[in-house]
Structure formats: structure tokens, C-alpha cells
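This note is intended for a colleague who is meeting the structure for the first time. Please read it with the sequence and the model at hand.

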Amino acid sequence: MGIAQRTVAGRVALTLALWACAQSGSDSEAAKAPPAAYVGDAQCRACHSVEASHWDRTAHARAFIANPRTDLERRTCESCHGPGGNHISNPTAETIVAFTSSSKQDPEAMNAMCQQCHKGGPLMYWIGSTHELRGLACSDCHNPMAQSSSQSLLRAPNANETCFKCHPSQRADFQKRSHMPLLEGKISCVDCHNPHGSTTSPLLKADDVNSLCRSCHAEKRGPFLWEHEPVRESCLNCHKPHGSNEDKLLVTSLPLLCQECHSPIDNPNFGHPSGLITSQNMAKGAAPDDRLLNRGCLNCHSQIHGSNNPSGPRFHR
Amino acid sequence: MRRLAPFALLLLGLAAALSARAEPPRDSMHPGDAEVFEWPDPQGLTSLLDHRQRSPSGILYPYPPALQQLDEIGGGWLARGALEAGGYFGGQDTETETRYTKYDDLRDGFRVGGLDFEAWRPESGDHAMLRAGSLGYEDQFYDFEASRANWLRFRASFSGVPHKYASDATTLFVGGGSQVLNLPSTLLPGGSSLANIAEALASQPEGTLEVQRDRTQTELKLRLLPSLSFTAFYGLDARKGAIPQSVGFAYPDFSTSTGGNLEVPAPIDDKTHTGKARLDWASDLVQASLAYNVSAYRNQETSLTIAQPFDDTGPGNLAVITHARLALPPDNEWQNVRGDVAVDMPLRSRLTTAISYSLSSQNQALLPPTVSTGNIGTVNLANWDTTAALSRKSARARIDQVLADVHLTSSPWRPLHLRAGYRFSNQDTQTDYIAFNPLTKQYGYIVEDGGHASSLGQDYLGIFEPGFPGSAWRYRTIPFGESRSLVDAGATLMLPARSSFDVGLEQEDVDRTVSERKDTTERRATVSFNTRAFDWATLRLSYKYITRDGGPIDYGVYEKYTTAALPGFVPLFPDGDGAHNLNQLVRPSLANLNAQRYAARLVFALGSRSDLSIAARLRSDDYGSSYGLTSDRTRDVEADWTVQLSPLLSANVFGSLEAHDRGMQSIRGFASSANGDAGGPNFPLSNQWGVRARGDATGWGCGLTAHPLSWLQFDTRYTFLVTREVDHLAFNSPAALADVAFGQPIPDVLPTLRNRDHVVESSLRLALRNNVALRFYWRYNRSGVDDFHQTGLPVLLDRRIYLGHQDGDYMAGFYGVSLQVGFGGAN
């Protein structure tokens with residue numbers, strides 16, 4: 001390592017060390033700062049009348065004004081924004097807890113204000129969740145200042161629009177040939193996902209993928225007399241969860257999907273040979289083949305999710 | 001009248017449909033609109049700032065709506081309400097295409113398009129809300145909520161979800177939608193010529209196949225103590241209708257005189273009852289939940305018996321195989337108990353633990369092994385057409401599942417967040433059924449109600465024949481199950497300038513009860529970087545690397561579940577029985593894997609009144625197996641630009657590009673030995689083939705909301721998506737092909753599977769006076785689809801009968817004029 005490199009490395013190390021010292025002391029510095037005084041929401045409303053007119057129609061207003069659960073909630077505006085004393089004398093975003101991009105607080109500090117009340121239950125796994133690790137703030141998805149959505153004080157009119165802003169590929173998926181009826185208004189992202197965290201990395205509202213899918217598709221739950229292992233393992237072995245260019249949300253065309261796992265020999269006891277399908281095997285082709293036509297392999301193996309027929313080991317019946 | 005019943009129930013406060021959904025149901029007529037009578041607030045969210053407010057990630061907050069004012073209605077209650085009703089009608093003659101109304105009910109006629117009601121008593125914090133739409137239509141919805149702020153919430157919802165499968169289905173059968181499908185009087189089961197069948201089909205009208213799912217949900221949440229709440233939920237999903245189903249009798253490709261395949265309407269009449277009860281404790285230091293969840297599926301349709309029309313001259317004599325019988329989904333139950341605890345500890349640490357136990361069970365009465373009677377060879381099927389032919393009379397199927405998850409997070413030094421965890425899950429299948437006939441003392445079953453033997457002879461009926469070479473039939477259930485152990489650890493370092501860097505490591509070990517690959521280990525490493533250092537942008541980058549390996553592949557593990565394990569079995573070949581699969585072909589979830597995931601998300605603040613979001617992802621999976629799925633790659637990029645010029649004018653444009661590429665290899669196998677290796681006698685390399693499936697999706701859309709005058713609002717949006725899937729084929733010789741007509745050209749690509757969709761949706765509202773407005777609604781859909789599975793598919797093709805449905809193109813408009821009337825103070 002040359003002298004110049006050592007110098008650069010040394011500077012970087014020194015900078016980080018100084019920053020680390022500053023971070024370590026931040027708690028104690030905060031403790032030394034004079035505490036701001038609570039001023040009451042009348043003071044807030046004097047300037048923020050438009051904000052108040054929207055907030056008054058929210059669930060927070062109904063709770064804080066009519067039925068405050070704690071002393072903190074009785075403080076209404078200052079429940080979330082903290083004491084406003086300093087803000088009165090210096091009305092900037094730095095003298096109060098703000099929840100927008102102009103705030104000087106980091107997302108962790110903003111979220112801590114919400115977590116004073118919103119903790120436990122479906123929020124139990126927020127810490128360590130994908131969204132928390134990506135530095136999201138509660139106010140990235142929620143806008144508690146207005147009733148923009150009918151439920152949950154979302155930033156956008158509904159959960160789907162809120163999610164699509166950061167997950168646009170999912171919006172495209174729901175437009176594909178086969179898709180869950182989300183854009184039709186019949187399900188929403190939060191039917192399957194808990195954006196506040198869960199014990200699964202895709203933030204599922206169940207212990208695993210299959211348990212989630214079967215909460216609506218209970219007819220496929222079984223357990224069947226004869227089980228198809230990849231079905232028992234994960235619905236996602238064959239299906240895309242949001243939408244697909246293929247029919248039935250399949251991950252690829254039939255019969256290729258089946259042939260990714262099955263290559264039996266040409267023997268009646270073991271199945272039929274796994275040959276390559278060509279356009280000759282289409283309905284108008286020279287050699288129509290059931291494996292390509294219509295429902296593909298499922299023309300015969302129609303009980304592919306499992307069979308309860310004593311004669312169903314091959315999912316025929 | 002029947003469809004209005006849920007509404008009436010709601011009004012009586014006896015609705016069976018109360019909602020635990022965080023999101024209320026909708027229909028496609030109100031995509032995203034929260035209120036019927038909602039106008040933008042010209043003041044915006046604040047009057048103090050001259051710039052638009054953004055979320056911490058830099059996304060603009062939409063301008064809030066100006067909600068209707070509440071009027072005093074007595075008793076201290078304030079209320080408002082709105083009703084939208086009018087006439088809607090369709091325009092083009094292609095609106096009957098199935099896909100157009102797959103999940104919608106767009107019939108012409110008078111429609112109560114929307115109903116909103118809200119009441120609030122400020123003194124007590126009591127609040128009630130009702131929203132509904134498309135009353136009386138198949139996609140109607142109702143959502144009701146009553147609450148006392150902070151103490152009690154009761155929700156109810158009803159949502160109709162139509163699902164149309166075909167509006168042009170032709171069925172040969174009498175009794176569609178029931179459990180018995182008979183042939184018309186002109187046809188004889190097991191004895192009709194193709195000419196007679198064609199003649200009978202020609203006289204059948206087209207009909208609709210659809211299932212109506214009515215979902216009702218109720219939830220009560222009650223705060224028992226300041227830190228303790230109780231939630232109870234009941235949901236009912238009821239489905240009724242018919243779906244396409246298939247049934248086969250041997251391979252109709254092999255012969256013009258045997259076998260057959262039928263596509264038929266299968267009845268759907270089932271209910272799923274779901275119940276949940278949960279206690280939540282939430283104090284500053286400890287949060288805990290204890291939940292009991294239960295779901296019971298009840299199917300009124302237990303079996304489907306189908307008369308098959310084809311005559312037969314094959315060796316097995318299909319003439320005695322006049323019917324098929326399918327077992328329909330059995331009644332089943334699922335129960336779950338789950339506990340979660342989170343404890344805050346010193347050093348900004350937190351311990352979370354979850355323990356969950358689930359039991360899935362099913363004990364449906366079993367059907368006889370066949371519906372056929374008569375003889376096939378020397379086998380009298382009457383000995384199998386009875387439940388006396390079963391080793392037991394009911395399924396007694398059961399799976400136990402356990403999940404334990406413990407995670408510790410700690411931040412001993414404020415900028416450093418550490419985490420570590422362990423997750424264990426186990427799935428244990430208890431089902432153990434043996435296909436043994438006490439009447440004949442034989443193991444085995446009847447394949448395809450005897451259809452399998454119709455083309456191959458008695459020895460291939462499915463019954464174990466000691467001494468007959470290769471008489472291997474699966475006769476016992478395989479107890480599929482697995483244990484998964486996941487260990488993870490990670491650290492997040494908060495960097496200067498509102499940035500953070502995260503690294504995570506995971507290892508997941510899977511131990512399968514029965515599988516060709518018993519053990520696999522998957523290791524995952526993730527790094528991510530987030531920064532809000534710049535006022536004009538937020539950047540999030542992540543990278544994940546995944547590897548998977550495991551134990552040896554052994555397809556022989558399944559042999560003990562076949563009659564090959566029984567005394568008297570004689571292998572098919574001198575060196576053993578035939579290979580179950582190509583040894584080097586490993587299914588994707590078990591194969592060795594090297595995978596990478598890249599993701600980037602950026603939000604740019606373009607000026608003070610617009611934002612631009614860009615997301616890009618690359619996913620690359622390389623499987624370690626030579627055969628089966630070998631690679632899977634997906635790339636996509638999306639952009640979304642929103643501009644909010646004023647509370648009264650905003651626009652949005654978005655676009656997306658996706659491309660994927662999936663490679664697979666296989667070998668067409670022949671039976672000549674027990675050798676299952678690629679290049680061996682059963683799988684010669686001359687029979688090798690491969691497919692590269694390439695696809696893409698290109699979409700874009702735009703939207704505009706304008707409120708140029710106080711009495712005029714215009715909303716419009718347009719979306720377009722085109723998708724393509726192309727399968728490129730390669731093969732070493734024609735012997736690799738499934739069925740081939742020699743002398744005919746063999747194209748090296750399958751026809752493109754293509755879908756195109758245009759949707760324009762517009763709404764114009766004119767305020768006639770306070771609380772009265774006229775709404776004009778217009779939607780235009782244009783769509784095209786090409787799918788080689790359906791191309792040219794007739795109703796009758798040799799010994800196959802289909803429902804005759806093909807997804808088709810359509811071009812349809814839907815128009816509406818409705819009056820919106822509100823009560824309550826004017827906005």
C-alpha cells in the first residue's frame with residue numbers, strides 16, 4: 001500500500017471515527033437540549049387551519065378528541081408532532097417532528113412517534129422487515145393528515161395504488177392475460193401481504209405461501225389421498241402469484257411446465273415418453289397431440305392438485 | 001331479488017358479511033374512487049407552504065379530497081350521504097367475448113352505481129360508514145363499519161366475484177352443472193360413432209360456464225383493557241356454478257379406435273367457513289398475540305360421473321367402459337393456533353418469537369375404484385365397482401405443521417442495527433392409504449375406469465399381477481413432508497447523509513421425508529444500500545446471491561410405494577425395472593442453483609410539483625442440472641412520472657418493460673433397460689431436445705385528473721399492455737419429438753402466444769347544483785389474444801370432445817349516465 005493510499009485510508013477512518021463519536025453522543029446531546037413545552041392544539045390550528053380541516057375527518061381525530069386512550073392522545077397534534085413550544089417561536093420543520101421529505105428526522109425517529117400507539121398485533125414484525133430495512137417511514141405509505149382513502153389513512157386512494165408507486169412491476173402483472181382480480185377491485189395487495197412485516201420475507205399474511213393461497217382456494221387444500229409433491233411444496237412451483245402471460249397464471253406453457261420435472265420412459269407402467277411438442281401437434285397440425293391441445297397434460301391428469309379417488313395416483317380421477 | 005338480499009341484511013344490521021379486510025371491496029366501475037361524491041379540495045393539504053409535500057422517500061402526496069360536510073341529524077349525530085344511479089349500456093357486438101367480463105358484470109340496465117353514507121357523533125366518538133356499489137349485479141359490493149373510536153370496531157362486507165370461463169361453451173352432455181352428465185338420447189354410452197357424436201354436437205346450443213363467488217366477512221374488534229384487545233372474525237365464501245374439467249380414457253393419440261378425451265362442465269357448489277379469534281396485548285415493553293384460526297371447506301358436490309360416448313374396437317374393449325367418475329374436492333378442515341411475543345430489552349434490543357401449529361385434515365368417504373362394470377379380459381370390474389373393494393372407507397388424511405420463529409434485534413450503538421434469527425418449520429403427512437381390494441385380495445386400482453387397458457390390454461388395468469414383468473403400480477400414499485431450518489443474521493449501518501448499508505446472510509436446510517433429493521442447503525447473501533442524501537432523489541439498491549446444493553438424486557426412493565416392493569414382482573428388464581425418470585433431470589426446487597438478484601429503485605423530485613420513480617430488476621437463476629429447467633432470467637424496468645400542477649390538475653404517465661428467458665432440456669426416453677442415465681440405452685443423446693422460452697411484456701399508461709371549473713371534473717386514464725411468449729425448439733433428431741408426421745415440415749418454433757390490451761376509461765362530472773351532479777362514464781376495451789393451445793380447436797377432434805371455447809379478440813365500449821345526489825352540507 002502506497003503512502004497516498006494510506007493517507008486516504010487514514011482520512012476515511014478518521015472521518016468515520018469522528019462521525020461514530022458524534023453518533024454515540026447524540027443521545028446525551030439530545031438529553032441536554034431544553035425540552036420544548038406543549039402548547040395545545042388551539043395554537044396549532046391558529047396557523048394550520050387547512051391541515052386541521054382535513055385532519056378533523058380522520059380516524060385519529062375521532063379517537064384523540066372523543067375517546068383519548070392515553071394522556072398522549074389527548075395532546076392531539078402534539079401526540080404525533082411532539083411538543084410545539086419551539087415551533088411557535090421558530091416555525092420550521094426542524095423544531096417539530098415532521099413526517100415529510102423536508103423533515104430532519106430519519107425514518108426511524110419518525111416511525112417511533114407512530115409506534116407510541118401502533119405496536120403489537122399486525123405491527124409486531126415491523127423491525128427487521130424488508131420495508132424497515134429499506135428505510136421506509138410510516139408516512140411513505142400513510143398520510144394521517146387527510147382521509148384520502150376509506151381505510152387506513154393511506155397516502156393514495158387505496159392500498160393498491162399506494163403499493164404500485166414503489167412496486168410498478170406488480171401493476172403490470174395484474175394487467176396480464178391471466179391475473180388475480182385486483183384491478184377489478186375484488187382483492188387488494190393487503191389481502192395477501194402485511195406491509196408492516198411478518199415471519200416470511202415476502203411479508204405474507206400466513207405461515208407460508210400455500211397456507212395463504214388455500215385461505216381462498218380451500219378446495220385445493222386437501223390433504224388428498226394422493227398428493228402431488230410440488231403442489232404440496234409450493235403453489236409457486238407452477239403459478240405466478242400476481243399475473244402471467246400464460247393461462248391460469250402458469251409460469252410457462254403446457255406441457256413444458258410438466259416436462260421440467262417429468263421425463264419418463266416409454267412404458268405403460270411409468271408413463272408416456274417426454275418428447276418435444278411442435279406445431280405439428282396443434283389442433284390443425286399434422287399430428288394433433290393432447291399434451292399441446294387445450295388443457296395440455298391436464299386433459300387427462302385433470303386432478304393435478306391432488307386426487308381423493310382411490311384410483312387417482314396419477315391424478316386421472 | 002336474491003341479489004338484493006345482502007343489502008337488505010345489511011340495512012337490518014344482521015349482515016352476514018362483515019369485513020376484516022383492510023381494504024374494502026370494489027367493482028370495476030369504481031376503480032380506486034373512495035367516495036361517490038368526492039371532489040378535489042382546491043386548498044390542497046396546506047396553505048402555508050408554496051411547495052408540494054412529499055413522503056420521506058420523495059413521493060408526492062396526492063391532493064386530498066374535500067369530503068362532504070356533515071349535517072346534524074339529531075341525537076348529536078352528524079351525517080352525510082350520497083347516491084349514484086343511472087343507466088349503463090354496452091356498445092359493440094363483441095362484448096360477449098368471455099374475457100371482456102371475466103370478473104365483471106357489465107350488463108345493460110339501470111344500476112345503483114354507488115352508495116356512501118357516513119355518520120359521526122363527536123361527543124362519543126361513535127362512527128358509522130356504509131359504502132356499496134353495483135347493487136343487485138354479480139359484482140356488487142357492500143362495506144359497513146361501525147365503531148367507537150379506540151374501543152370498538154365492527155366491520156361487515158359483501159363482495160360478489162363473478163368468474164366467467166366461457167360464454168360460448170358447447171357441451172354434448174345432459175345435466176350440465178350436476179353430478180351426473182348423461183348423453184343425449186341419440187347417443188349410446190360406449191357405443192356411438194364419431195358421425196353420430198358430430199351430429200349430436202351440431203344441435204347443441206352454446207352456453208356460459210361461470211362461477212359466482214360471494215364473499216361475506218364480519219369482524220369485531222374490541223378493546224378489553226387499555227393494552228388488551230380482542231378480535232373475532234367470521235367469513236363465508238360461497239361458490240356456485242360450473243367450471244371446465246377434463247377426463248381421459250387412455251391416449252387418443254395412439255389410435256383412431258381406442259381411448260378418448262372429454263372436456264366437460266364440472267359442478268361447483270361449495271362453501272368455505274373461516275373463523276378467527278385473537279387476543280392482542282400491547283404495552284411499552286411487551287407485545288403478544290394469541291390466535292386461533294379455523295377454516296372448513298364444505299362441498300355439496302362429491303363426485304362427477306360422466307357418460308363417455310365413444311365406441312371401441314381396441315384390445316381392452318372400451319365398450320364396457322361407459323362412464324368415468326371423478327372425485328371432486330373433498331370436505332376438509334384446517335385449524336391453527338399461533339402465539340407471538342415481542343419483548344423490548346436493554347441496549348435497544350428486541351426479541352420476537354412466534355410459535356404456530358396447524359392441522360389439516362380430511363376424512364371424506366371414498367368412492368369405489370371404478371364406475372365401470374363388466375369384464376376387461378378376465379377381470380370382472382364388478383369386484384371394483386363397490387366400496388367393498390377398498391382397504392378402508394374414508395380418506396383419513398392428515399397433515400401436521402409446526403412453525404417456530406425466534407429473532408433478536410439489537411442496536412447497542414445507535415448507528416448499528418444487528419439482527420439474528422432462527423426459523424424452523426415441519427410438515428408431517430400422516431396419511432397412509434393402501435390400494436388393496438379385500439374382495440379380490442389384489443393390490444392396485446383401476447386406471448381411468450379401465451380406459452388405460454382399452455388400448456393396452458388387461459395387464460395394464462392398474463392391478464398388480466405377480467409374475468408379470470414390470471407390473472409396478474403406485475399403491476400407497478407417499479408421505480410427502482419436510483423440515484426446514486433457516487438461520488439468518490444481518491447488520492444495518494446507518495451512514496452519514498441519511499444513508500444506510502445493510503448486509504444479511506441466510507442458510508436454509510431442507511430435509512424431505514420422501515423425495516428424489518432428500519436434503520438441500522440454500523445459502524443467501526444480501527447487501528443493500530439506501531440513501532436520501534440528496535434532496536432531489538432517494539435511491540435504494542440491493543443485491544442478493546443465492547446458492548443451493550444438496551445430496552444425491554435417487555428416483556428409486558419412490559419404488560417402495562409401488563407394487564415393485566411387493567413379493568412376486570418381476571422387473572421389466574434383466575437389469576431391473578424401468579427408470580422412473582431421467583436421472584440427470586432435477587426439478588427446479590431441488591436442483592443446484594446459482595442465482596443473483598439485482599434491484600434498484602429511484603425516486604427523483606423533478607421540480608417542486610412532480611416526481612419520477614424508476615425501478616429496475618434483474619433476476620438470474622442458473623440451475624446446476626443438465627436437464628429439466630436449466631436457466632431462468634427476468635429483467636424488468638418501470639418508470640412512473642406524476643405531476644401535480646395544482647390541486648385541480650394532475651397527471652400521471654407510467655411504462656414498463658419486462659423480458660424473460662427460460663431454458664430447458666430433456667431426452668425422450670425409451671424402455672429397454674433400468675438405466676436412467678442421459679446417453680444410456682433408455683435416454684440416447686440422439687433423442688435430446690431443448691426449448692428456450694422467451695417472452696416479454698410492454699406496457700404503458702397515463703392518467704389525467706382535471707377540475708378546471710368549480711362545477712366540472714374530468715378523469716381519464718389509458719393503459720396498454722402487449723405480451724409475447726415464444727418457444728424456440730431444438731432437437732437432435734426427429735426421434736426426440738412427441739408425435740411427428742414424417743415428410744411434413746417441423747418448424748423450430750411454436751406460434752407466438754400473444755396478448756394485447758387497450759383500456760380507456762373516462763368520467764366527466766358536472767355539478768348541477770349543491771349536492772347534485774351528473775356523471776358520464778365511458779370505458780373502451782380492445783383486446784386480442786393468440787394461444788396455440790386453442791388455435792383451431794374444434795368441438796370434436798378425432799376422439800376428443802372439447803367445450804369449444806377459445807379465448808378471442810374483442811372490442812367493446814361501456815357507457816353510463818348517472819345522477820349523483822348527496823345530502824349533507826355542500827363541499
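1. The model is predicted. Chain B contains three helices and 38 strands. Its radius of gyration is 31 Å, close to the 28 Å that the globule rule gives for 827 residues, so chain B is as compact as a globular protein of that length. Along the principal axes, the C-alpha atoms of chain B fill a box of roughly 90 × 70 × 60 Å.

2. Burial and contact range in chain B. Of the 827 residues in chain B, 45% are buried. Among contacts in chain B with a separation of 6 or more, 69% are between residues 24 or more positions apart. A66(B) belongs to strand 2 (residues 65-66) of chain B. This residue counts as partly exposed because it has 18 C-beta neighbours inside 10 Å, whereas a buried residue needs 20 or more.

3. The contact between the chains. How many residues of chain B are in contact with chain A? The number is 197, and they meet 145 residues of chain A. On the side of chain B that touches chain A, strand 20 (residues 397-413) of chain B gives the most, with eight residues. By residue type, this side of chain B divides into 91 nonpolar, 63 polar and 43 charged residues.

4. In soluble globular proteins, nonpolar side chains tend to be buried together. Here the largest nonpolar core has 100 residues, and those with the most contacts inside it are L276(A), V264(B), I306(B) and L461(B). Strand 12 (residues 260-282) of chain B gives the most to this core, with four residues. Apart from this core lies another, of 22 residues, which includes L136(A), C138(A), A206(A) and L212(A). Leaving aside residues up to four places away in sequence, L461(B) touches I376(B), V379(B), I446(B), V447(B), G450(B), H452(B) and A453(B).

5. An open sheet in chain B. Three strands of chain B form an open sheet in the order 9-14-15, with mixed pairing. Why is one side of strand 9 and of strand 15 left without a neighbour in the sheet? Strand 9 (180-181) and strand 15 (323-327) of chain B stand at the edges and have a single partner strand each, so one side of each is left without a neighbour there. Strand 9 of chain B runs parallel to strand 14 (residues 303-307) of chain B, and two bridges join them. V180(B) stands opposite T305(B) in strand 14 of chain B.

6. The buried face of a helix in chain A. In helix 9 (residues 107-114) of chain A, the buried residues are P107(A), M110(A) and N111(A). Viewed down the axis of helix 9 of chain A, they fall within an arc of 95°, so they line one face of the helix. An α-helix has 3.6 residues a turn, so residues three or four places apart point the same way. The buried residues of helix 9 of chain A pack against helix 11 (138-141) of chain A.

7. Cis peptide bonds in chain A. Most residues other than glycine have a negative phi, and most peptide bonds are trans. G222(A) and P223(A) are joined by a cis peptide bond, with omega about 0°. P223(A) lies in the loop between helix 15 (209-214) and helix 16 (229-233) of chain A. The peptide bond from L254(A) to P255(A) is also cis, with omega near 5°. P255(A) is placed in the loop between strand 2 (243-244) and helix 17 (256-259) of chain A.

8. Positive phi values. Which phi value does L249(A) have? Phi of L249(A) is near 55°, a positive value in a residue other than glycine. L249(A) is found in the loop between strand 2 and helix 17 of chain A, and it is buried because 21 other C-beta atoms lie within 10 Å. R348(B), another residue other than glycine, has a positive phi near 50°. R348(B) is in the loop between strand 16 (332-345) and strand 17 (349-362) of chain B. With 13 other C-beta atoms within 10 Å, R348(B) is partly exposed.

How values were computed: Residues are numbered from 1 along each chain as its sequence is written. Chains are lettered from A and ligands numbered from 1 in the order in which they are written. This is a predicted model: local features need pLDDT of at least 70, side-chain atom pairs count only at pLDDT 80 or more; totals for chains, interfaces and linings use all residues. Two residues are in contact if their C-beta atoms, placed from the backbone, lie within 7 Å. Ala, Val, Leu, Ile, Met, Phe, Trp, Tyr, Cys and Pro count as nonpolar, Asp, Glu, Lys and Arg as charged, and the others, Gly among them, as polar. A residue is buried if 20 or more other C-beta atoms lie within 10 Å of its own, exposed if 12 or fewer, and partly exposed in between; C-beta atoms are placed from the backbone. A nonpolar core is a set of buried Ala, Val, Leu, Ile, Met, Phe, Trp, Tyr and Cys residues joined through C-beta atoms within 7 Å. Two strands pair if DSSP finds at least two bridges between them. The arc is that of the directions from the helix axis to the C-beta atoms. The radius of gyration is taken over C-alpha atoms; the globule rule is 2.2 Å times the number of residues to the power 0.38.
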